[in-house]
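Visitor: I would like to learn how to read this model. Please take me through it one feature at a time.

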Amino acid sequence: MSIQINGTLLELKAGVSIYDMLDQRGIDPNRVVIELNKNIIPKEVWSSVILHDNDIVEILHFVGGG
C-alpha cells in the first residue's frame with residue numbers, strides 16, 4: 001500500500017495505524033499533529049485509525065522558540 005507523507009510517497013504494509021506509522025518512523029507522538037486527507041485527527045484515536053492506500057498524511061511538528 002502506498003501513502004503520501006509530507007509530500008513523499010511511501011510504501012507501508014496494510015493495516016498500519018497512524019500511531020504505528022509514527023512509531024515505525026521514530027517520531028515522538030507528543031510533538032506532532034496529524035492531518036489525514038486534509039482533516040486534523042485527534043491524538044486519542046491514532047491507534048484506531050488505519051491508513052489506507054492513497055491516503056495523504058501531513059505530520060506537523062511543534063517547534064519551540066523564544
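Visitor: What is the mean pLDDT of the protein chain?

Guide: This is a predicted model, so confidence comes before any detail. Where pLDDT is low, the predicted coordinates should not be read in detail. Here the mean pLDDT of the protein chain is 94, and 98% of its residues reach 70 or more.

Visitor: In which strand is confidence lowest, and in which is it highest?

Guide: Confidence is lowest in strand 2, with a mean of 95, and highest in strand 4, at 98.

Visitor: How do strand 1 and strand 2 pair?

Guide: For a pair of strands, look at the sense and at the bridges. Strand 1 and strand 2, the latter made of residues 8-11, pair in the antiparallel sense over four bridges. Within this pair, Gln4 stands opposite Leu9 of strand 2.

Visitor: How many residues lie between strand 1 and strand 2, and which residue in the turn has a positive phi?

Guide: The two strands form a hairpin with two residues between them. Asn6 is the turn residue with a positive phi, about 50°.

Visitor: Which strands pair with strand 3?

Guide: Strand 3 has strand 5 as one partner: the two run antiparallel and are joined by five bridges. Ile34 has Ile59 as its bridge partner in strand 5. Strand 4 also pairs with strand 3 in the antiparallel sense, over three bridges. There, Glu35 stands opposite Ile40 in strand 4.

Visitor: Which side chains along strand 3 are buried?

Guide: Side chains along a strand can be sorted by the face they point to. In strand 3 they alternate: Val32, Ile34 and Leu36 point to one face and are buried.

Visitor: Where is Asn37, and what is its phi?

Guide: Asn37 is in the loop between strand 3 (32-36) and strand 4. Its phi is near 50°, a positive value in a residue other than glycine. Strand 3 and strand 4 form a hairpin with two residues between them, and Asn37 is in the turn. At 35% relative accessibility, Asn37 counts as partly exposed.

Visitor: Is Asn54 buried or exposed?

Guide: Asn54 counts as exposed, because its relative accessibility is 58% and the cut-off for exposed is over 50%. Asn54 lies in the loop between strand 4 and strand 5. Phi of Asn54 is near 75°, again a positive value in a residue other than glycine.

Visitor: Is Ser2 buried or exposed, and which residues is it in contact with?

Guide: Ser2 counts as buried because its relative accessibility is 14%, and buried means under 20%. Ser2 is found in strand 1, residues 2-5. Leaving aside neighbours within four places in sequence, Ser2 is in contact with Leu9, Leu10, Glu11, His52, Asp53, Asn54 and Asp55.

Visitor: Where does Ile50 lie, and what is it in contact with?

Guide: Ile50 lies in the loop between strand 4 (39-41) and strand 5 (56-61). Beyond neighbours within four places in sequence, Ile50 is in contact with Gly15, Val16, Ser17 and Asp55. Ser17 is 33 residues from Ile50 along the chain, yet their C-alpha atoms are separated by 4.1 Å. With a relative accessible area of 33%, Ile50 is partly exposed.

How values were computed:
Residues numbered from 1 in each chain as written. Predicted model: local features only at pLDDT ≥ 70, side-chain atom pairs only at ≥ 80, totals over all residues. Heavy atoms only, no water. Buried < 20%, exposed > 50% of the residue type's maximum accessible area, 1.4 Å probe, protein only. Contact = heavy atoms within 4.5 Å. Pairing = 2+ DSSP bridges. pLDDT = per-residue confidence, 0-100.
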